[in-house]
Amino acid sequence: MREQLNSIRERAEKELSSVEQIQDLENIRVKYLGKKGELTQVLRGMGTLSTEERPIIGQLANEVRKLLESKIEETGKKLAEMERSRKIAREVIDVTIPGRRKFLGSRHPLTIAIDQIREVFIGMGYEIAEGPEVELDYYNFEALNIPKGHPARDTQDTFYINENILLRTQTSPVQIRVMENKKPPIKVICPGRVYRSDAVDATHSPIFHQIEGLVVDKGVTMGDLIGTLQVFAKSLFGENSRIRLRPHHFPFTEPSAEVDVSCWTCGGKGCRVCKNEGWIEILGAGMVHPKVLEICGIDPEVYSGFAFGIGAERTVMGKFNIDDMRLLYENDIRFLKQF
Ligand code: PHE
C-alpha cells in the first residue's frame, strides 16, 4: 500500500506539473481524489490492514491527500493567473500604432469667396440680411419697379411655382424686405442663391449666387457707392485693382451702372482672361430709385441710398482663375481639393 501511495503521489505530481487547462486539472482531481479516485480507493481498503500498519499508512495517505489538495489548489491559481495575463496581453492597446487619418474635406471655392466678401463688408459696418429663395412676384419684380409686362422680366426668366410665386431671379427682393422692416440708417449685405432659366455653359448656370448690398441714410451719394466698391475690389483682387462704372439701366436704381474690375490676370493691359478688354464685369449697382424708397415707406426727399449686386461666380472664377463655371457645380473632388 505504501508503494501504491507513493506511486499515486509521483504520478499525480507529474501530471500536475504539465497541466495547462483548468478542465484537465479538474480531471486530475477526480482521477485521484474523486469518489472513485485512486487515493479514495486506497483509503477504502485500509480495513484489510493490520492494527500496527493502519495508523502509519493512514498518516501517509493523509499526507498524500493534503499534498495533492494543496498542489491542485496551487496549480489552479497558477492557471488562472496565466489565463489572466494572456487576456491582458490580448486586450492591450498599442498606443504607438499610427492612427487612421480622417479624410478632411475643404471649403468650396464659392463659400471661401462669399465668406471673404462678407468679411470685407462686415468690416465696413454692414449687417447680414436674408430672404427666401421661393419669392413672391411682388418682391422679385413689382416692388422693384418692374411691373408686369416690363421688358426687364424677359431677361430674367425664371421658374414659376404659380402666377405669384417664383424662384427669385436676383437677391434684390431682399432690399424691399429689409426696407419694409427697418427704418434708415440701413447697411446690409445679402449673400444668396438665385435662379434663372438659363442653359448651362462655361459662364451660365440656372442656379448661381449674388451678394446684394443696400445702404440707405440721409445724404448717401454716388461717391459713397464708388468708394465702397473700390474697397471691395482691392480687398478681393489686390491693392492694384481698379474699378470702372459704365452707364446702364436697372428699373430699381437711378442712375445705374455696370461695374467692371481691372483684369486680375493682366492688370488692365488686355489678355485672354479679359478677352483683351482689360476689364471684367462683376456687378450691377446704382442709387436706389425714389419710387422704390416710396413703395417701402421711406421718404425720398429725406433719405437716399445705393444698392449693388455682386455676381459671386464671376468673382470666384476671377479670384481662383477658374475658366469654366461648371467646375463649381460638378463636385469633382480633384477640383475641389485644390482650394
Ligand atoms: N439685381 C441686379 C441683377 O441681378 C443687380 C443689381 C443689384 C443692380 C442692385 C443694381 C442694384 O442684375
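Leaving aside neighbours within four places in sequence, which residues is Leu283 in contact with? With contact taken as heavy atoms within 4.5 Å, the partners of Leu283 are Leu229, Phe232, Ala257, Glu258, Val259, Phe308, Gly309 and Ile310. The structure is a predicted model, so local features need pLDDT of at least 70 and side-chain atom pairs count only at pLDDT 80 or more, while totals for chains, interfaces and linings use all residues. Residues are numbered from 1 along each chain as its sequence is written, and side-chain values use heavy atoms, with hydrogens and water left out.

Now for the overall layout. The secondary structure of the protein chain comes to twelve helices and nine strands; these are DSSP runs numbered from the N terminus, with helices being H or I of at least four residues and strands being E of at least two. A compact globule of 339 residues would have a radius of gyration near 20 Å, yet the protein chain comes out at 45 Å. That radius is taken over C-alpha atoms, and the globule rule is 2.2 Å times the number of residues to the power 0.38. Along the principal axes, the C-alpha atoms fill a box of roughly 135 × 45 × 35 Å. Of the contacts in the protein chain with a separation of 6 or more, 67% are between residues 24 or more positions apart. Buried residues account for 41% of the 339, where buried means under 20% relative accessible area, exposed over 50%, and partly exposed in between (1.4 Å probe, protein chains only). Accessible areas come from the Shrake-Rupley method with a 1.4 Å probe; for residues, only the protein chains shown count as cover.

In soluble globular proteins, nonpolar side chains tend to be buried together. The largest nonpolar core here has 40 residues, and Leu283 and Phe308 are those with the most contacts inside it. A nonpolar core is a set of buried Ala, Val, Leu, Ile, Met, Phe, Trp, Tyr and Cys residues joined through side-chain atoms within 4.5 Å. The elements that each supply at least two residues of this core include helix H5 (109-123), strand S5 (207-217), helix H9 (222-237), strand S8 (279-288) and strand S9 (304-311). A second, separate core holds 24 residues, among them Ile176, Ile186, Val288 and Val292.

Next, the charged pairs. Side chains of opposite charge can pair when their charged atoms come close. The structure holds 21 salt bridges, each being a side-chain nitrogen of Lys or Arg within 4 Å of a carboxyl oxygen of Asp or Glu. One of them joins Glu258 to Arg246, with the closest N and O atoms 3.1 Å apart. Glu258 sits in strand S7 (residues 253-262) and Arg246 in strand S6 (residues 243-250), so this pair ties together parts twelve residues apart in sequence. Glu258 is buried at 14% relative accessible area, whereas Arg246 is partly exposed at 27%. Asp115 and Arg107 also form a salt bridge, their closest N and O atoms lying 2.6 Å apart; Asp115 is partly exposed at 27%, and Arg107 is partly exposed at 46%. In the salt bridge of Asp324 with Arg326, the N to O distance is 2.9 Å. Asp324 is buried at 18%, while Arg326 is partly exposed at 33%. Salt bridges that share partners also join Arg244, Arg246, Glu258, Asp260, Glu281 and Arg314 into one network.

Ile295 is found in helix H10 (residues 290-295) and, at 39% relative accessibility, counts as partly exposed. Together with Leu136 and Tyr138, Ile295 makes a nonpolar surface patch of about 240 Å². Patches are made of residues with over 30% relative accessible area and no salt bridge, with like charges joined within 9 Å and nonpolar side chains (Val, Leu, Ile, Met, Phe, Trp, Tyr) within 5 Å. Not counting residues up to four places away in sequence, Ile295 touches Tyr138 and Ala143. Ile207, in strand S5, is partly exposed at 35%. Beyond residues up to four places away in sequence, Ile207 touches Arg193, Val194, Tyr195, Glu313 and Tyr329. The C-alpha atoms of Ile207 and Gly125, 82 residues apart along the chain, are separated by 29 Å.
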